[in-house]
Amino acid sequence: MITPEKNEVDISKLFQWRASTELETKEGEKTTVFVRVVGDAEINQSRVKALRASAELRNKLRDPNSDERIAYIPSVHALEKENLIEMMLTLNMREYADRVRDSVIVKEPKEPGSNATTEQLEKYQKEVDDYPDKRLEKFKEAIEKETDKERKLLNKKGIDILLKEYEEVVISQFCEAELNRVFLGWCVYFGTFATEDYNVRVFKSYDEYENLPAYAKTQLTDFYNKLQLGLVDLKK
Amino acid sequence: MSSLWDISKALRVPLDNSIRTLSEIPYTVSYVIRKLRQIDNLMELPKDKRPPSRIIWEGTSEDIEEWIDRVVRKKEPQDVSLIIGDIEG
């Protein structure tokens, strides 16, 4: 959530960008690995790989004969129009949020001058503290309005068009999830080392990382995510 | 972070001694440095021509570019031609 508060973030976390962790096998054996937040070049490579993976999945999901389509795209032909619309609205909620983000303008509190009294500083701090809730409230209102507008538009459409659109929304969701998964996977692959000097990667190839059991990948991605500061904190 | 960066620049003290090569710089650190340089540059503009903080922090690089085009860069003078007809009124 956007906040004018710039003093709550722990700056030292920005410089805690590498650490070791123990990777546990199913048999209970532990191996120490060294993980670091990747650099710009690796981020760009990860992005490219993720986009390719997402495009590949999109093609498969659009192919009526693919296994992926049969496995992932639910059949909704039996659904009532009203239910279908509500499902689409729910799936599209993030898009509506993105659409209205720029229109929600809540004036940020004005920082008092250097000669401000304690009471003025207290008042400013209270306004800063209240700001996220105030903005969230306005944001919710704007999303509700956008959803109502969209509901009316969808209601005017025929069921065949709605089914087609629903399918595209579901495909987009799967592809975005795939994009994020592969992006993070490549970051973890690039950023996980076997030696303390961060010179020898643990995995010889991305496929070797991909073939790890799910619980091991979760361990590594969770650890990597803890190491990197999120974009919201980076902006503070 | 902004003040830390200013101090680091002024004293020529590296932000992180453990970084040995450029490629080792985590993207989070390079993002913060890039953003601070961008803000430093924008602060060079007269106060009334600086983009609002909403654009700086939430806008895309295209949004900032568009703002600068609109507010700072002088538009090319446009040719104006006056057509005088034979008929008055």
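Visitor: In this predicted model, what is the handedness of the crossing of H3(A) and H5(A)?
Guide: In the predicted model, H3(A) and H5(A) cross in a right-handed sense.

Visitor: Why are H3(A) and H5(A) called oblique to each other?
Guide: Helix H3 (residues 81-91) of chain A packs against helix H5 (residues 118-155) of chain A at an angle of about 140°. Roughly antiparallel requires an angle over 145 degrees, and roughly perpendicular one of 65 to 115. The pair is therefore oblique.

Visitor: Which residues bring H3(A) and H5(A) together?
Guide: From H3(A), Ile85(A), Met88(A) and Leu89(A) meet Thr147(A), Glu150(A), Arg151(A), Leu154(A) and Asn155(A) of H5(A). The residues of this contact comprise 4 nonpolar, 2 polar and 2 charged.

Visitor: What makes H3(A) and H6(A) roughly parallel?
Guide: H3(A) and helix H6 (residues 159-191) of chain A pack at about 30°, their axes lying 10 Å apart. Angles under 35 degrees count as roughly parallel, and the two helices are therefore described in that way. Their crossing is left-handed.

Visitor: How do the residues of the contact of H3(A) with H6(A) divide?
Guide: There are 10 nonpolar, 1 polar and 2 charged residues in this contact.

Note on methods. Residues numbered from 1 in each chain as written. Chains lettered and ligands numbered in written order. Predicted model: local features only at pLDDT ≥ 70, side-chain atom pairs only at ≥ 80, totals over all residues. Axes fitted to C-alpha atoms, helices over the stretch in contact; angles between N-to-C directions. Helix = DSSP H or I, 4+ residues; strand = E, 2+ residues; numbered from the N terminus. Left-handed = near helix turned anticlockwise from the far one by under 90°. Contact = placed C-beta atoms within 7 Å. Nonpolar A, V, L, I, M, F, W, Y, C, P; charged D, E, K, R; others polar.
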